[in-house]
There are 4 protein chains.
Amino acid sequence: VKQSKQVPVAVAGATGYAGVEVVRLLSAHPGVVLAALTSEQYHGRAIADVYPFLRGRLSHVLEPLDAAALADRAQTVITALPHGKSALFVAELVRRGCRVLDLSADFRLHDPAAYGRWYGEHPVPALLRDAVYGLVELHREDIRRARLVAVPGCYPTGMLLGVVPLVRHGCARPGATITVDAKSGATGAGRSARTELLFCEVAETVRAYDIGTHRHTPEMEQELAAAGGGQWSVLFAPHLLPARRGILTTIYVPLADGCTAARCEEAFRATYAGEPFIDLMGAGVYPAIRDVQGTNRCAIGWWIDEMRRVAVIVTTIDNLGKGAAGQAVQCLNLHLDYPETTGLDQPALVP
Amino acid sequence: VKQSKQVPVAVAGATGYAGVEVVRLLSAHPGVVLAALTSEQYHGRAIADVYPFLRGRLSHVLEPLDAAALADRAQTVITALPHGKSALFVAELVRRGCRVLDLSADFRLHDPAAYGRWYGEHPVPALLRDAVYGLVELHREDIRRARLVAVPGCYPTGMLLGVVPLVRHGCARPGATITVDAKSGATGAGRSARTELLFCEVAETVRAYDIGTHRHTPEMEQELAAAGGGQWSVLFAPHLLPARRGILTTIYVPLADGCTAARCEEAFRATYAGEPFIDLMGAGVYPAIRDVQGTNRCAIGWWIDEMRRVAVIVTTIDNLGKGAAGQAVQCLNLHLDYPETTGLDQPALVP
Amino acid sequence: VKQSKQVPVAVAGATGYAGVEVVRLLSAHPGVVLAALTSEQYHGRAIADVYPFLRGRLSHVLEPLDAAALADRAQTVITALPHGKSALFVAELVRRGCRVLDLSADFRLHDPAAYGRWYGEHPVPALLRDAVYGLVELHREDIRRARLVAVPGCYPTGMLLGVVPLVRHGCARPGATITVDAKSGATGAGRSARTELLFCEVAETVRAYDIGTHRHTPEMEQELAAAGGGQWSVLFAPHLLPARRGILTTIYVPLADGCTAARCEEAFRATYAGEPFIDLMGAGVYPAIRDVQGTNRCAIGWWIDEMRRVAVIVTTIDNLGKGAAGQAVQCLNLHLDYPETTGLDQPALVP
Amino acid sequence: VKQSKQVPVAVAGATGYAGVEVVRLLSAHPGVVLAALTSEQYHGRAIADVYPFLRGRLSHVLEPLDAAALADRAQTVITALPHGKSALFVAELVRRGCRVLDLSADFRLHDPAAYGRWYGEHPVPALLRDAVYGLVELHREDIRRARLVAVPGCYPTGMLLGVVPLVRHGCARPGATITVDAKSGATGAGRSARTELLFCEVAETVRAYDIGTHRHTPEMEQELAAAGGGQWSVLFAPHLLPARRGILTTIYVPLADGCTAARCEEAFRATYAGEPFIDLMGAGVYPAIRDVQGTNRCAIGWWIDEMRRVAVIVTTIDNLGKGAAGQAVQCLNLHLDYPETTGLDQPALVP
């Protein structure tokens with residue numbers, strides 16, 4: 001039942017894994033009408049033809065990428081385009097008056113110089129200042145007002161939600177290196193047809209990649225600095241899992257002098273009181289990624305090693321949910337003045 | 001927001017895979033309040049402790065199995081107990097005035113003699129006559145009025161939805177043997193701790209079992225006879241997949257003389273016009289189980305080999321959805337006079 | 001320790017899944033020295049760089065495809081090239097005096113007209129007559145003498161080993177349609193970078209494809225005719241599994257009048273007495289693909305439904321083993337006058 | 001062809017995952033005859049009935065556990081019994097003159113007090129002093145002479161092979177905490193029928209467990225102290241993967257002052273020169289577990305973060321190979337004076 005008050009939203013890049021997850025979520029969102037879906041690879045075909053699980057649910061035909069066409073028909077555009085391709089397109093949408101939730105990395109770093117070091121020269125650096133980093137638990141009010149939201153990377157989301165409480169409440173040793181060992185499902189690598197992502201290359205194996213050099217590192221460091229004051233160094237080691245969705249992040253944070261397990265727990269409780277998507281499991285209880293698959297939740301457990309002076313934090317999110325599409329919808333709900341959980345309240349599919 | 005008009009429903013056997021899927025679905029159903037959940041294995045513990053994906057969603061403590069206690073508090077009971085254990089408990093619930101949706105095999109066969117041959121002597125044979133076979137697409141009006149619904153087996157559901165149109169419309173060769181080659185996810189084998197169901201025994205392999213002797217055979221034959229008149233012989237070969245949810249059923253039906261591909265297609269279209277959960281994909285288009293995982297849908301494709309005189313039908317369902325819990329909720333919606341899709345309208349989780 | 005008596009063998013197409021399995025097997029074969037490995041995609045790189053499991057084992061650098069270069073250095077060439085690309089290259093190798101074991105489909109059909117209907121016009125039809133179909137259990141002596149062996153397709157291998165005993169011994173109803181429902185691991189689809197073969201597209205799902213139209217059908221029909229006299233019609237339905245290696249084939253053969261379960265069993269025993277790679281599991285015992293993964297074995301179980309007059313046969317092979325590379329090495333052993341099991345005697349990797 | 005010089009070896013606990021891997025390896029070992037196989041769960045049945053992949057390969061009937069019976073018939077016994085059950089049985093075998101390779105944890109810790117803290121009181125503490133820790137790369141000569149070898153745990157093996165070079169060569173900061181983030185396949189949890197190990201509980205998920213409290217911690221600390229002098233503190237975080245075999249261990253070692261990437265590389269090269277099972281992949285190159293599945297190899301890559309002063313080391317082993325059965329066979333080869341690679345020279349099964 002489409003009501004006149006439903007807001008028209010377009011999705012650019014609707015057939016990648018993050019894009020189609022946005023589509024999936026919005027197809028069940030009461031306040032949204034899907035105004036247009038674009039796909040460079042499949043335009044001209046019905047999305048339900050590319051993704052048969054949408055048969056009988058959506059009749060949209062995929063369109064080519066055209067900022068003017070989207071701006072005419074949509075109030076908000078959610079862009080799920082490859083990094084680098086997004087910036088100019090987003091800028092054009094903003095110029096035409098759209099609100100934009102951008103899933104790419106193009107507007108996550110505020111500092112053009114930092115962006116340049118990791119990604120190359122930014123094509124619209126002036127817009128970096130306007131973009132708000134879309135981690136709702138950290139920047140809720142700024143997001144509510146933002147015209148352009150840079151939806152966080154999946155790895156930074158899983159890491160920041162685990163570490164920020166300790167950094168904010170003085171539990172982390174100032175200046176220490178924070179070690180982040182993340183294990184991601186294969187959807188995190190996207191849907192491009194690459195040999196290394198074939199079933200026969202991913203099943204029954206696991207591997208590390210880009211240790212210490214992954215582009216999500218500066219994003220983590222930027223937000224930790226914003227959350228806790230001072231500089232934090234992050235050593236990030238991502239791994240690819242034989243699973244489709246979900247990131248489990250194990251984080252090793254050196255404890256500040258005198259900090260106890262009890263103070264760490266207080267930091268978690270204080271930071272996340274009332275947060276609808278954060279599930280604090282407690283000390284010695286660890287989450288499993290299956291319990292958040294398909295949801296916008298982040299589950300957090302920890303083990304505070306007082307003897308070795310390290311807090312071990314384990315978080316899990318769905319990389320396509322809280323790590324991408326779910327987070328975008330959570331931001332959209334702020335924009336639309338809906339409860340944050342609207343369209344995001346389904347339980348995980350277990351088993 | 002629980003309203004006074006919400007109907008109290010209890011789930012007996014709430015921690016098996018089918019039981020917890022009922023719980024998952026009802027936790028998001030607007031017309032139902034979960035009155036009680038039982039578990040023989042875990043009673044005394046919170047269900048969210050056994051299934052952390054329900055944390056923050058349900059606070060129920062699991063109870064021991066007690067018909068009087070359930071009948072006091074629930075208008076309808078959905079029973080997901082092991083075969084054989086269900087019959088007397090269901091009888092007691094019915095005697096106490098509950099409506100019952102029974103997921104076991106105990107009331108699916110109408111003929112006590114047939115039941116005896118496959119399962120042993122039935123403890124309450126008189127009740128077999130009252131039970132209605134809960135395949136909505138075949139028995140909608142009877143289900144609406146039934147006090148006791150025998151929710152169909154997962155394999156018969158996937159098979160019957162594919163074959164009944166051809167049997168009803170004279171496309172199947174009378175008296176022919178219908179060959180059913182089914183591939184099921186491992187949730188179909190339940191959640192009991194058996195060595196053969198361990199990850200390391202199921203992953204990266206597939207095997208056949210119980211060919212020609214599986215207990216779902218008489219259920220298929222009973223319903224085909226009801227649908228098409230006359231006797232049909234079913235040769236059933238089930239296989240276990242390295243996947244969690246879903247059944248893909250490939251069915252080989254000898255064609256009646258003169259029957260064409262066009263007539264088969266008409267049979268499918270005529271049978272399922274307006275059915276909200278049936279997706280006819282068409283000739284030469286085959287469904288994949290992932291497209292229905294987590295849903296109550298059944299997708300059907302076919303290939304009519306006019307030369308070899310065989311209709312090959314491929315159906316897919318989620319064995320825990322349309323093959324168990326989803327089907328039970330669909331029946332419940334009939335009882336509650338809700339639209340059949342209530343609580344069953346979420347899309348599959350792809351990928 | 002390379003001995004002078006080791007025979008130089010080259011592998012063309014050494015980085016596809018079948019090609020690298022040939023390499024893996026020959027790297028441990030006492031009678032063979034790997035003379036050259038070619039790869040169109042990776043030439044110039046070390047094979048141990050493309051496949052790190054070969055590090056410390058093989059130092060070969062991959063070469064471009066060049067018939068003259070191979071013929072100079074190898075006595076036998078095993079070609080694992082795509083269908084269509086193989087024929088002319090094989091013809092050139094034969095002309096230059098090489099023995100060739102060809103894993104493509106290009107020389108499996110003896111009849112150029114049949115080839116034309118399924119694949120298009122054959123570029124060297126004269127050579128079709130010389131090629132021997134390389135299923136050792138059916139054509140051992142012809143293979144021993146052949147200059148060109150067409151190594152059978154994976155599906156036909158799994159099907160023929162199950163059906164030929166019944167056809168040969170009069171157990172199959174003459175002229176009946178034989179229904180073949182095969183479930184294959186994803187290596188069967190090769191290693192090309194296609195979206196539909198990504199981990200996230202294959203995991204946790206299964207789908208049917210090419211029912212009644214798969215190109216392996218004429219190969220099955222040709223060999224059944226050769227084995228049993230008369231024409232046999234095959235209805236073939238392949239399915240893609242979420243597993244890497246292995247094919248489980250469930251075959252439905254209408255029984256000849258008067259044929260009993262005992263006669264079927266005799267047919268199996270008589271056909272395969274002394275065969276080193278055939279494992280007859282018996283009636284009511286079904287193989288699992290994991291038990292043959294990595295081997296050249298074919299395990300066979302069956303269930304003879306005397307009432308419904310159908311023999312259900314279940315076979316399993318490793319599609320890369322007995323279905324491709326293992327079978328090629330078995331043929332090579334015949335050529336080299338080694339025991340057939342040489343280099344093929346390692347047990348499966350379970351679990 | 002069994003020769004008189006073949007040594008009779010028995011396997012106690014032959015149907016667990018580690019036990020059957022010993023059987024698999026020894027079934028292809030030229031210097032060994034399998035004298036007896038025991039199984040508490042399956043005695044009286046043929047091992048090929050429990051594990052069909054051994055059909056046609058082994059005809060042994062499983063026996064109950066009886067030290068006298070084994071000692072009569074075997075020169076060496078490989079025990080793969082549960083922790084706690086092994087100690088007294090092993091002591092009895094040693095008393096009767098057998099050489100024993102014990103896969104349990106019962107003899108890995110030299111200090112009875114340490115054993116007591118982690119496992120409870122040791123039943124034969126005197127024997128702890130005689131047992132040699134069976135990591136060949138660290139203790140080759142002691143193992144050669146040992147009557148009782150405590151085969152290392154899977155996690156310590158993967159960890160120690162990565163860290164010992166840095167500890168020995170002064171690259172690790174003295175007294176620092178070494179963080180070990182390990183990801184293990186499900187065979188590591190054994191073959192007991194526990195709900196949490198079912199396919200439907202393990203597939204498509206990953207979880208952490210026993211962080212900071214896992215019993216393999218003291219084993220790691222003991223061997224680091226032996227290798228490097230002084231005390232090392234290990235923070236160990238194990239994770240369970242949706243894969244069957246293999247451990248990927250990511251290790252974070254604080255660098256000693258002044259230590260460079262080049263010195264770390266030298267440490268690796270110097271430590272492992274000539275080692276047949278160690279594969280040094282180099283800086284910035286990381287192993288994948290599939291490349292060692294089924295083998296006795298350990299592949300090692302690293303990334304030295306000179307700025308953050310941390311060496312990140314990634315190792316991979318097959319937990320049933322170098323982490324259990326393979327390592328036992330490597331030790332056995334030392335005892336039998338065979339080349340260490342005998343029976344362990346097959347390549348991994350990729351894909």
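1. Which helix of chain C holds both C:Tyr115 and C:Tyr119? Both lie in helix H5 (residues 112-119) of chain C, 4 residues apart, about one turn of the helix. Helices here are DSSP runs of H or I with at least four residues, strands are runs of E with at least two, and both are numbered from the N terminus.

2. A word on the basis of these notes. This is a predicted model, in which local features need pLDDT of at least 70 and side-chain atom pairs count only at pLDDT 80 or more, while totals for chains, interfaces and linings use all residues. Residues are numbered from 1 along each chain as its sequence is written, chains are lettered from A and ligands numbered from 1 in the order in which they are written, and side-chain values use heavy atoms, with hydrogens and water left out.

3. Back to the aromatic rings, then. Over all chains the structure holds 20 aromatic pairs; rings of Phe, Tyr and Trp (its six-membered ring) pair if their centres lie within 6.5 Å, and planes under 30 degrees apart count as stacked, over 60 as edge-to-face and the rest as tilted. The ring centres of C:Tyr115 and C:Tyr119 are 4.9 Å apart with planes at 25°, so this pair is stacked. Both tyrosines are buried, a word that stands for under 20% relative accessible area, with exposed over 50% and partly exposed in between (1.4 Å probe, protein chains only).

4. A second pair is worth a look in chain C. C:Tyr155 and C:Phe236 have ring centres 4.9 Å apart and planes at 70°, so they meet edge-to-face. This pair links distant parts of the chain, with C:Tyr155 in helix H8 (residues 154-168) and C:Phe236 in strand E9 (residues 233-240), 81 residues apart. C:Tyr155 and C:Phe236 are both buried.

5. Next, the interface of chain B and chain C. Here 45 residues of chain B are in contact with 45 residues of chain C, contact being heavy atoms within 4.5 Å. The two chains bury about 3400 Å² between them, 59% of it on carbon and sulfur atoms; buried area is the accessible area (1.4 Å probe) that two parts lose on being put together, summed over both. B:Glu204, B:Ile211 and B:Arg308 supply 20% of the area that chain B buries against chain C, more than any other three residues.

6. The rule finds 8 salt bridges across it, a salt bridge being a side-chain nitrogen of Lys or Arg within 4 Å of a carboxyl oxygen of Asp or Glu. In one example, the side chains of C:Arg308 and B:Glu221 meet at 3.3 Å, N to O. There are also 28 residue pairs in polar contact across chains B and C (both at pLDDT 80 or more). A polar contact is a pair of N or O atoms within 3.5 Å; within protein, one must be able to donate a hydrogen and the other to accept it, and residues adjacent in sequence count only if both atoms are side-chain atoms.

7. Chain C also meets chain A. In this interface 21 residues of chain C are in contact with 21 residues of chain A, and the chains bury about 1800 Å² between them, 65% of it on carbon and sulfur atoms. The count is 2 salt bridges, including one between C:Glu201 and A:Arg191, whose closest N and O atoms are 3.3 Å apart. C:Glu201 is buried at 10% relative accessible area, and A:Arg191 is buried at 12%.

8. A:Val77, in strand E3 (residues 76-79) of chain A, has 0% relative accessibility and counts as buried. Leaving aside neighbours within four places in sequence, the contacts of A:Val77 include A:Ala10, A:Leu70 and A:Val100. B:Thr315 lies in strand E13 of chain B and is also buried, with a relative accessible area of 0%. A polar atom of the B:Thr315 side chain lies 2.7 Å from the backbone oxygen of B:Gly158.

9. Finally, a salt bridge within chain D. The side chains of D:Arg297 and D:Asp279 meet at 2.7 Å, N to O. D:Arg297 sits in the loop between strand E11 (278-283) and strand E12 (298-305), D:Asp279 in strand E11, 18 residues apart. D:Arg297 is buried at 14% relative accessible area, and D:Asp279 is buried at 10%.
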